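New notebook page, new structure. I'm jotting down what I look up as I go.

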Amino acid sequence: GTVLNAGINQPLTANFTPTDAANYNVATATVALTVNRAALTVTADNKTMVFGSAVPPLTITYAGLVNGDLPNVVTSALLASTPATAVNAVGSYPIVLAGGGATTNYAVSLVNGALTITAAAQTIAFGPLPDRLTTDAPFALSASASSALPVGWTVVSGPATLLGNVLTLTGAADVVTVRATQPGNGNVAAAPAVERSFAVNLAPCPALALLPAPTQPLSFSLTA
């Protein structure tokens, strides 16, 4: 059937063509109608991104188009934008719609969206530790976080103490387990902890020096 544009006094014409032309005449009638505009809701789609990554493409959803109409029925292009960038902190940022001029057949409502930035993940690289001797000197632990944030240390068990990243053995033979951690910050999530263990073995006794055998007979004297 006929699709009328929105407006006042839109003419709608009806034609009557009888199948019994001998008894009925062809008739035509026109009526003026008020056609209301259809409601069209244009929404900026919500998006999510990880801190430090690129802002994702911003998209728009149209709800309420009828009669096969396409979004270009809005006479000027609608644009979605956000102030957020890759370096913005974790949080929620608006996605704002702008543009979109008047359209004849639709009452357009604009709905802004939100871009949510979530914390970035990180990992710790902490290699195996070689076994040590009870007499070994203090040594520095080394590990790195993929976020470049500083790594912290804890002695989980065993005969050792920590000062900063310097591990000192306390002299007993046993197994030492050390844990590397990185708690994250407002923009980076805590890293999974990594533990490394190594054995502390008794240091061998120093070799005894043997005196050479005497080359002359020994004599002893006793006095009362």
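This is a predicted model: local features need pLDDT of at least 70, side-chain atom pairs count only at pLDDT 80 or more; totals for chains, interfaces and linings use all residues.

Entry 1. Next I followed S18 to its pairing with S17. How many bridges join S17 to S18? I find seven, and these two strands run antiparallel. One of the facing pairs is Asp174 with Val200 in S18. For my own reference, strands of a sheet pair through backbone hydrogen bonds, in either a parallel or an antiparallel way.

Entry 2. I stopped at Thr177, which belongs to strand S17 (residues 174-181). Is Thr177 buried or exposed? Its relative accessibility is 11%, so I count Thr177 as buried, the cut-off being under 20%. The side chain of Thr177 makes a polar contact of 2.7 Å with the side chain of Ser197.

Entry 3. I moved on to an open sheet of three strands, in the order S5-S3-S8, with mixed pairing. Its edge strands are S5 (60-63) and S8 (106-111), each of which pairs on one side only. From one strand to the next the twist averages 20°. Strand S3 (residues 38-44) pairs with S8 in the parallel sense, over six bridges. I looked up a partner for Ala39 and found Ala107 in S8.

Entry 4. Then I checked for pockets. The largest pocket has a volume of about 160 Å³. I count 13 residues in its lining, and Val3, Leu4, Val66, Asn67 and Asn105 lie nearest the centre. By class the lining has seven nonpolar, four polar and two charged residues.

Entry 5. I find Asn67 in the loop between S5 and strand S6 (78-81). Its phi is positive, about 55°, although Asn67 is not a glycine. I wrote beside this that most residues other than glycine have a negative phi. Asn67 has 58% relative accessibility, so I put it down as exposed, which takes over 50%.

Entry 6. I found another positive phi at Ala148, near 70°, again in a residue other than glycine. Where is Ala148 found? It is in the loop between strand S13 (144-145) and strand S14 (152-157). Ala148 has a relative accessible area of 69%, so I list it as exposed.

Technical notes:
Residues are numbered from 1 along each chain as its sequence is written. Side-chain values use heavy atoms; hydrogens and water are left out. Two strands pair if DSSP finds at least two bridges between them. Helices (H or I, at least four residues) and strands (E, at least two) are DSSP runs, numbered from the N terminus. Axes are lines fitted to C-alpha atoms, for helices over the stretch in contact, and angles run from 0 to 180 degrees between N-to-C directions. On a 1 Å grid over the protein atoms alone, a cavity is a set of points where a 1.4 Å probe fits but cannot get out, and a pocket is an open set with protein on both sides within 12 Å along at least five of seven lines; lining residues have an atom within 4 Å of a point. Grid points are joined across faces, edges and corners, and a volume is the space filled by probe spheres set on the points. Ala, Val, Leu, Ile, Met, Phe, Trp, Tyr, Cys and Pro count as nonpolar, Asp, Glu, Lys and Arg as charged, and the others, Gly among them, as polar. Buried means under 20% relative accessible area, exposed over 50%, partly exposed in between (1.4 Å probe, protein chains only). A polar contact is a pair of N or O atoms within 3.5 Å; within protein, one must be able to donate a hydrogen and the other to accept it, and residues adjacent in sequence count only if both atoms are side-chain atoms.
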